[in-house]
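Please look over the sequence and the 3D structure shown here before reading on.

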Amino acid sequence: MNTSARPTALITGASSGIGAVYADRLARRGYDLVLVARDAARLTTVAEAATRHGVAAETVRADLAQPADLRRVEARLRGDGAIAMLVNNAGIGAAPGLANVDPDALEQMIAVNVTAPTRLAGAAAAAFAAAGRGVIVNLSSALALAPELFSGAYSGTKAYLLNLSISLRQEMAPHGVQVQAVLPGATRTAFWGPAGEGLPAEMLMDAGELVDAALAGLDAGEDVTIPSLPDRADWDGFNAARGRLGPNLSRQHAAARYGRAA
Ligand SMILES: NC(=O)c1ccc[n+]([C@@H]2O[C@H](COP(=O)([O-])OP(=O)(O)OC[C@H]3O[C@@H](n4cnc5c(N)ncnc54)[C@H](OP(=O)(O)O)[C@@H]3O)[C@@H](O)[C@H]2O)c1
């Protein structure tokens with residue numbers, strides 16, 4: 001438990017890539033850290049680097065696909081009043097396609113990308129709302145908007161997190177809790193494995209630049225941050241089109257082009 005006057009940020013998937021950069025940047029911002037992942041040695045390396053910025057960093061070894069481990073992290077979020085920020089970052093990819101993809105691997109992905117961030121965001125939301133402050137950051141993906149490009153199941157997990165974030169932001173607004181979805185494009189991390197070597201350099205962002213942009217979006221109060229999108233108006237236009245569907249998504253009768261039952 002944190003006995004310092006500093007707020008604490010809990011970051012999942014903090015042992016590498018984007019999560020490790022969040023650990024560095026939030027330490028520089030004066031947060032004590034709770035760093036969660038499976039690889040204890042890599043977590044310790046990230047924690048040691050963070051403490052050079054004068055903050056405390058604790059490591060929690062947890063496999064978020066395992067219900068007992070997940071519940072342990074949830075309990076920490078509910079019970080530790082110093083935690084003021086959750087970065088729901090842990091996530092894994094999947095092979096393209098569905099018909100020939102190992103269903104057990106997909107189930108594991110859904111556990112890490114959907115079940116875990118849902119339970120953790122719910123625990124944080126309850127604790128932060130009671131405290132009247134807090135920040136929840138959910139690492140979605142630009143692929144949430146592009147199911148044709150990669151694994152539809154992976155895209156679906158990230159679209160889920162985007163929808164959850166938009167809804168949770170609305171729910172948390174009266175309680176002083178900020179919610180942000182971050183939609184990175186391809187980012188240079190271990191996520192891509194050797195496949196990353198084949199990605200065009202002009203599509204790949206460094207994790208440091210990605211997290212700095214995401215934090216700038218958070219500081220600006222954005223609900224959804226797409227770090228590589230040059231013109232914010234493109235996202236606003238997409239959202240406006242979605243809004244225009246609204247009044248016609250649920251009506252008493254089918255549209256004329258579908259005919260009417262006699
Ligand atoms: N890289 C990209 O191009 C990209 C683009 C859009 C979105 N994202 C999203 O960004 C997030 C971070 O990805 P990254 O690129 O930084 O990938 P990464 O370097 O592979 O990091 C993934 C992190 O998740 C942790 N993790 C994986 N399975 C876990 C489990 N069962 N329990 C606990 N922790 C687990 C890993 O730690 P351990 O292995 O130590 O458990 C690692 O710290 C993910 O949600 C990813 O979907 C990435």
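## The largest cavity

The largest cavity holds about 30 Å³ of space, where a cavity is, on a 1 Å grid over the protein atoms alone, a set of points where a 1.4 Å probe fits but cannot get out, and where a volume is the space filled by probe spheres set on the points, which are joined across faces, edges and corners. This is a predicted model, in which local features need pLDDT of at least 70 and side-chain atom pairs count only at pLDDT 80 or more, while totals for chains, interfaces and linings use all residues. Residues are numbered from 1 along each chain as its sequence is written, and side-chain values use heavy atoms, with hydrogens and water left out.

The count of cavities of 30 Å³ or more comes to one. The largest cavity is lined by T12, L64, N88, N89, A90, V112, A116, P117 and L120, a lining residue being one that has an atom within 4 Å of a point. Helix 4 provides the largest share of this lining, four residues; helices (H or I, at least four residues) and strands (E, at least two) are DSSP runs, numbered from the N terminus. By class, six residues of the lining of the largest cavity are nonpolar, three are polar and none is charged, with Ala, Val, Leu, Ile, Met, Phe, Trp, Tyr, Cys and Pro counted as nonpolar, Asp, Glu, Lys and Arg as charged, and the others, Gly among them, as polar.

## The largest pocket

The largest pocket contains about 1,100 Å³ of space, a pocket being an open set of points with protein on both sides within 12 Å along at least five of seven lines. Its lining is made up of 46 residues, and those nearest the centre of the pocket are I18, G91, Y154, T189 and F191.

At least two lining residues of the largest pocket come from each of helix 1 (17-28), strand 2, helix 4 (103-131) and helix 5 (152-172), and the largest share, three residues, is supplied by helix 1. Of the residues in this lining, 25 are nonpolar, 15 polar and six charged.

## The sheet and its crossovers

An open sheet is formed by seven strands in the order 3-2-1-4-5-6-9, with parallel pairing, and two strands count as paired if DSSP finds at least two bridges between them. Strand 3 and strand 9 (224-225) are at the edges with a single partner strand each, so one side of each is left without a neighbour in the sheet.

Strand 2 (residues 32-37) pairs with strand 3 (residues 57-61) in the parallel sense over five bridges. Within this pairing, L33 has A57 as its bridge partner, and L35 has T59. Between strand 2 and strand 3 the chain passes through helix 2 (residues 40-51) in a right-handed β-α-β crossover, the term right-handed meaning that, with the strands pointing away from the viewer, the path from the first strand over the helix to the second runs clockwise.

Strand 4 runs parallel to strand 1, to which it is joined by four bridges, and L10 stands opposite L86 of strand 4. Four bridges also join strand 4 to strand 5 in a parallel pairing, where M85 stands opposite V135 of strand 5. The chain goes from strand 4 to strand 5 through helix 4, and this β-α-β crossover is right-handed.

## The core and buried residues

In strand 4, six of the six residues are buried, so the strand is largely enclosed by the rest of the structure. V46, in helix 2, is buried with a relative accessible area of 13%, and its C-alpha atom lies 9.5 Å from that of G19, although V46 and G19 are 27 residues apart in sequence. A65 is placed in the loop between strand 3 and helix 3 (67-79) and counts as buried at 16% relative accessibility. The C-alpha atoms of A65 and A111 are separated by 5.2 Å, with the two residues 46 apart along the chain.

Notes: Buried means under 20% relative accessible area, exposed over 50%, partly exposed in between (1.4 Å probe, protein chains only).
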